[in-house]
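Hi,

Here is the structure I said I would pass on. Have a look at it first, and my notes on what turned up follow below.

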Amino acid sequence: MSNDEITLAAGDAEVVLAPANGGRVRSLRVGGAELLRQGERYGCFPMVPWCGRIRDGMFRDGGTVHRMPLNAPPHAIHGTARNGAWRVARAEPAEAVLTYDLVAPWPYPGRVTQLASLTADALTLTMSVETYDSSFPAQVGWHPWFNRTLGGEDVRLDFAPAWQEERGEDHLPTGNRVDPKPGPWDDCFGMPGGIDVTLTWPGRLELRVTSREEWVVVYDEQPEAVCVEPQTGPPNGLNTLPRLVTPIEPLEATTTWTWRRP
């Protein structure tokens, strides 16, 4: 199928997927209001086969050390799939499936599948990583750039994490868990009951980001946007909390964004 942009529609919600630009959600409009920051690097991109930074671009799998390109020196950040072209496996009016085959510099063969499903009041994204060969550590997650304003007051973030990962000077977790601190943030939080973060644009829209996963990175240090990033492990997780993809057990995660007007 064509790798041109795909538009999904349900009620007054519209989603544009950009397979050729890293399989990202390029646009999410609700009632004509664009919720995602626009631009080639923005929207919402999948983080796979890792999330956030890998310390010095290196991770160990058994006795083998692998090195990833340092695209956020001195670290490697946000996986490789956001830089590649995804294929369209299926496209329907309100649902689409994209796939991406893992290639170098990632050292293991595997396939990523992302399902986007839109209803009148929610977008659900599901991503899985499969291997038919070697087992390997991996993470999956999403990096949405939500517009800070929808033409009015700044968005407000509401969430109640159980802890915050202490952040070192290198922007990576130190391994210590601390009580959540006030923002601004470029930080990972633990929500062991499942991710549940509400973004409220006063008088305009309320959007709730949920997931069964327990790790969420919140980034709000830019004036244009805020990021709420559900993921299957913390930054540097390939080294500290790896999730293993095997031929009989893929790694899968889902996030749902539900909105309502005040």
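A quick definition before anything else: helices (H or I, at least four residues) and strands (E, at least two) are DSSP runs, numbered from the N terminus. Bear in mind that this is a predicted model, where local features need pLDDT of at least 70 and side-chain atom pairs count only at pLDDT 80 or more, while totals for chains, interfaces and linings use all residues. Residues are numbered from 1 along each chain as its sequence is written, and side-chain values use heavy atoms, with hydrogens and water left out.

By that DSSP count, the protein chain has one helix and 25 strands. The C-alpha atoms fill a box of roughly 55 × 45 × 30 Å along the principal axes. The radius of gyration (over C-alpha atoms; the globule rule is 2.2 Å times the number of residues to the power 0.38) is 18 Å, which agrees with the value near 18 Å for a compact globule of 262 residues. Buried residues (under 20% relative accessible area; exposed is over 50%, partly exposed in between; 1.4 Å probe, protein chains only) make up 55% of the 262. Taking contact as heavy atoms within 4.5 Å, 62% of the contacts between residues at least 6 apart in sequence join residues at least 24 apart.

Now the inside. In soluble globular proteins, nonpolar side chains tend to be buried together. A nonpolar core here is a set of buried Ala, Val, Leu, Ile, Met, Phe, Trp, Tyr and Cys residues joined through side-chain atoms within 4.5 Å. The largest one has 63 residues, and Trp-106, Phe-146, Leu-199, Leu-207, Trp-257 and Trp-259 have the most contacts inside it. Beyond four places in sequence, Trp-259 touches residues including Ala-13, Leu-28, Leu-118, Leu-123, Leu-205 and Leu-207. A second, separate core has eight residues, among them Phe-45, Cys-51, Trp-145 and Cys-227.

Leu-205 lies in strand S21 (residues 205-211) and is buried, with a relative accessible area of 5%. Its contacts beyond four places in sequence include Val-30, Leu-150, Trp-259 and Pro-262. Leu-205 and Val-155 are 50 residues apart in sequence, yet their C-alpha atoms are 9.3 Å apart in space.

Leu-102 is in strand S11 (residues 95-102) and is also buried, at 7% relative accessible area.

Which loop holds Thr-131? The one between strand S13 (122-130) and strand S14 (136-138). Thr-131 counts as buried because its relative accessibility is 2%. As for polar contacts (N or O atoms within 3.5 Å; within protein, one must be able to donate a hydrogen and the other to accept it, and residues adjacent in sequence count only if both atoms are side-chain atoms), the Thr-131 side chain reaches the backbone nitrogen of Asp-133 at 3.1 Å. A polar atom of that side chain also lies 3.5 Å from the backbone oxygen of Pro-109.

Last, the cysteines. Cys-51 counts as buried because its relative accessibility is 0%. Cys-188 counts as buried too, at 4%.

Cheers
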